[in-house]
Amino acid sequence: MKLLIVLPILIPFATAIASLFVRRWILAQRILGVAGAAGLLGAALALLKMVEGDGIQAVQIGNWPAPYGITLVADLFGAIMVTLAGLMGFAVAVYSLASMDAQREKFGYYSLLHIMLMGVCGAFLTGDLFNLYVWFEVLLISSFVLMALGGERAQIEGALKYVTLNLISSALFLAGIGILYGKIGTLNMADLAYKLSLEPQSNLINSSAMLFLIAFGIKAAIFPLFFWLPDSYHTPPVAVSAIFAGLLTKVGVYVMIRAFTLFFVQDVGFTHTLILVLAGLTMVTGVLGAVAQNEMRRLLSFHIISQIGYILMGLGLFRVLALAGAIFFILHVSIVKVALFLVSGVVERLRGTGQLKELGGLYRAYPCLAVLFIIPAMSLAGIPPLSGFFAKLALVKAGLEMEQYAIVITALGVSLLTLFSMIKIWGEVFWKPEPTKSEYIGSEQPQILKKSQILFLSPIVLLAFLAVLFGLAAEPFFTLATRAAEQLLDPSEYIHAVFGGKP
Amino acid sequence: MDTVLAIVIGGLYAAGFYSMLRRSIVKLVIGFILLSNATNLLIFTASGLTRGRPPLVIEGANALAQPHADPLPQALILTAIVIGFGVLAFILVLVHRVYQTIGTDDMDKMKGIDT
């Protein structure tokens with residue numbers, strides 16, 4: 001069943017090509033878009049089940065033996081992330097049916113979405129650093145086009161910042177790869193881990209490690225490098241914002257976790273302490289930025305940054321419980337974040353604006369929507385029994401066990417501020433009475449969405465249900481995350497799988 | 001030779017970042033070109049220069065004679081050049097579009113999304 005490892009890359013690829021063939025026929029594109037995403041989700045679940053049952057799987061592309069050819073590896077962490085990509089892709093594809101305008105659909109929105117999903121899955125599955133760079137370029141270039149598609153003024157400005165910062169980050173990543181190859185003479189991740197464990201030479205490796213940290217720090221939007229994110233993520237259509245928020249920064253975090261558990265583990269005292277400090281600063285700056293915002297999607301964009309801090313905290317603490325917490329947190333935050341962005345899209349569609357002061361009275365008008373907002377919002381803040389509570393509990397517990405009190409206090413304080421800004425959205429958008437129309441004549445008439453209501457709401461319902469499920473039945477998911485973390489901290493199984501048992 | 005290339009790479013990086021920090025978006029594109037070429041040269045230099053020893057097995061021999069030039073970095077650079085070229089094409093179109101939509105190439109005037 002080696003094919004299963006390749007399927008999460010092949011399915012979106014085939015879907016993208018097929019949708020290009022039916023460019024002029026939007027209905028076929030829509031069917032293909034949703035069916036492809038559902039297929040990806042199915043393949044990812046099958047892969048996860050296989051990896052969970054039989055251990056880490058690897059396949060050598062073109063049958064070149066391990067350190068020379070390109071290896072695709074699916075360990076539990078990778079398989080979980082692929083499943084997440086499938087889930088996000090599916091939810092957003094369904095939402096796009098209702099929300100995407102015909103103009104963008106005609107210009108190949110669905111093929112771009114699937115090429116991006118292909119890049120994301122490829123990045124999660126590859127076992128080769130240079131191949132990882134290629135997958136990153138695949139997902140970046142399609143995300144550039146998705147960001148700019150439509151050509152509105154704000155979009156173009158946002159896209160320029162997004163493109164520039166991401167290209168700098170790619171150049172630094174490539175430089176890091178070049179230096180690493182010069183020192184070690186291999187780019188296969190398992191081979192790197194093996195060779196580095198034989199001859200620790202931390203001083204030489206740290207320069208590459210720092211280049212990786214900066215390159216993926218830009219992509220993941222960590223503390224001093226996040227400025228492009230809140231300036232660009234609110235500009236494209238909501239469906240695009242949502243998939244970016246749910247997946248793209250997580251790819252950066254994924255690579256950081258992979259690199260700093262598999263091969264950059266020579267000088268944990270230096271690198272992982274640095275990551276821990278950056279994690280704390282990321283949380284604080286992100287949430288403070290969010291508190292100052294007055295527009296729904298900008299506010300949510302800042303929250304992406306502060307949540308990245310929690311994931312990095314798990315990596316910085318560097319033990320099984322903390323990493324399990326981080327993996328659980330990635331699952332939780334992607335689901336919750338996409339749900340919140342989709343709700344904000346519905347609100348913008350209903351009221352024609354995302355400015356908090358121009359909104360209000362939505363609880364009275366649409367109580368169901370209010371419920372769909374409050375579940376992910378409370379989950380993001382970490383209120384039990386929702387998913388965020390258990391993710392944060394694991395991280396805090398690990399922090400206390402390691403006596404890293406500073407980061408624990410930061411994490412708890414930031415949770416409180418998260419709650420504050422979620423309550424702010426709740427109060428402004430849903431609770432307070434609707435401002436009288438005469439003040440804001442400029443705002444558009446609300447668009448009635450009776451016909452497409454079910455398409456708008458069903459992905460949000462699905463994600464909100466998952467947020468509750470992850471909270472109420474956290475145990476099996478947490479066991480899975482713990483096993484994934486154990487695999488990460490003990491690279492021997494990974495190396496063994498890639499080399500088929502040779503070294 | 002390594003030293004000369006190292007200085008060239010440093011110069012290219014400096015020039016690239018300097019151009020990117022200018023306000024004009026056309027210079028942003030030039031900066032990007034310099035940056036990607038600097039990175040390609042860096043891969044080439046970091047993985048070791050071997051002159052006049054192509055990685056070809058001589059007629060009659062069974063294995064490569066040591067030392068020989070490592071072909072892998074050149075394959076990596078080739079891929080990186082192709083990717084860089086594609087990205088460059090996109091960024092040129094984007095910059096053209098920015099100029100059409102906003103009517104300026106001065107980044108200080110692009111404040112439409114700042115609050």
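Now the ground rules. This is a predicted model, where local features need pLDDT of at least 70, side-chain atom pairs count only at pLDDT 80 or more, and totals for chains, interfaces and linings use all residues. Residues are numbered from 1 along each chain as its sequence is written, chains are lettered from A and ligands numbered from 1 in the order in which they are written, and side-chain values use heavy atoms, with hydrogens and water left out.

Okay, how confident is the predictor? That's pLDDT, its confidence in each residue, from 0 to 100. Chain A averages 89, and 96% of its residues score at least 70. Where pLDDT is low, the predicted coordinates should not be read in detail. Chain B averages 88, with 97% of residues at 70 or above.

Let's stay on chain B. When I say helix or strand, I mean DSSP runs numbered from the N terminus: H or I with at least four residues for helices, E with at least two for strands. Chain B has 3 helices and 0 strands, and reads α-α-α along the sequence. Its radius of gyration is 20 Å, well over the 13 Å from the globule rule for 115 residues, so chain B is more spread out than a compact globule. (That radius is taken over C-alpha atoms, and the rule is 2.2 Å times the number of residues to the power 0.38.) Put a box around the C-alpha atoms of chain B along the principal axes and you get roughly 70 × 25 × 20 Å. Among the elements of chain B, α3, residues 71-102, has the lowest mean pLDDT at 91, while α1 has the highest at 94.

What does UniProt list for chain B? An unreviewed entry gives "transmembrane region" for residues 6-21, 28-49 and 75-95. Those positions are in the numbering used here, feature names are shortened, and annotations may be inferred rather than shown by experiment. In the model, the 28-49 span of chain B is 86% helix and 0% strand, with its end C-alpha atoms 31 Å apart. The 75-95 span of chain B is 100% helix and 0% strand, and there the ends are 30 Å apart.

Now accessibility: buried is under 20% relative accessible area, exposed is over 50%, and partly exposed is in between, using a 1.4 Å probe and protein chains only. In chain B, 34% of the 115 residues are buried.

On to aromatics. Rings of Phe, Tyr and Trp (its six-membered ring) pair if their centres lie within 6.5 Å; planes under 30 degrees apart are stacked, over 60 edge-to-face, and the rest tilted. By that rule there are 33 aromatic pairs over all chains. Take Tyr13(B) and Phe17(B): their ring centres are 6.4 Å apart and the planes sit at 15°, so they're stacked. Both are in α1 of chain B, 4 residues apart, about one turn of the helix. Tyr13(B) is buried at 16%, and Phe17(B) is partly exposed at 32%. Over in chain A there's an aromatic cluster whose members include Phe130(A), Tyr133(A) and Phe263(A).

That Phe263(A) comes up again as a contact of Arg258(A), along with others including Asp75(A) and Tyr494(A). So where is Arg258(A), buried or exposed? Buried, because its relative accessibility is 4%, and it's in helix α11 of chain A.

Pro384(A) and Pro385(A) are joined by a cis peptide bond, omega about 5°. And Ala221(A), which isn't glycine, has a positive phi near 60°; Ala221(A) lies in the loop between α9 and α10 of chain A and is buried at 0%.

Last stop, where the two chains meet. Which residues of chain B does Val134(A) touch? Thr79(B) and Ile83(B), not counting residues up to four places away in sequence. Val134(A) is in helix α6 of chain A, and it's partly exposed at 23%.

Conventions:
pLDDT = per-residue confidence, 0-100. Contact = heavy atoms within 4.5 Å.
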